[in-house]
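Please look over the structure below before reading my comments.

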Amino acid sequence: MAKLIPLKLSERTGMGVMGEELYQYLLHFKKETYRELQQSGELLPYLRETGMRLDDMVIELMQSGLDESGAKEIARAEFNEDAMY
């Protein structure tokens, strides 16, 4: 089994807040998913795309009146729907 290689801080730019959260979650709790994405070369694109999409969702929810923690909880639920959690 291939070793997990954490991303360098410089590689994690452009992921957004939720992308960083997703990165930490995959690295620590969904290691097989992390490994598969990393080996396929899709880890960074996935984290950047998903992170920015979820950050946008949080902003929209907050503009609709939710507080930040509530908006982030709804965005985290999207991780589940994407079958990544």
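The points below take the helix, then the salt bridges.

1. Basis. This is a predicted model, in which local features need pLDDT of at least 70 and side-chain atom pairs count only at pLDDT 80 or more, while totals for chains, interfaces and linings use all residues. Residues are numbered from 1 along each chain as its sequence is written, and side-chain values use heavy atoms, with hydrogens and water left out.

2. Helices are DSSP runs (H or I, at least four residues), numbered from the N terminus.

3. The model has 6 salt bridges (a side-chain nitrogen of Lys or Arg within 4 Å of a carboxyl oxygen of Asp or Glu). One joins glutamate 78 to arginine 53, with the closest N and O atoms 3.6 Å apart. Glutamate 78 lies in helix α4 (residues 68-81) and arginine 53 in helix α3 (residues 43-63), so the pair ties together parts 25 residues apart in sequence. Glutamate 78 is buried at 18%; arginine 53 is partly exposed at 34%.

4. Pairs within α4. Arginine 76 and glutamate 73 have their closest N and O atoms 2.5 Å apart. They are 3 residues apart in helix α4, about one helical turn. Salt bridges with shared partners join Glu21, Glu73 and Arg76 into one network.

Key. Helix = DSSP H or I, 4+ residues; strand = E, 2+ residues; numbered from the N terminus. Buried < 20%, exposed > 50% of the residue type's maximum accessible area, 1.4 Å probe, protein only.
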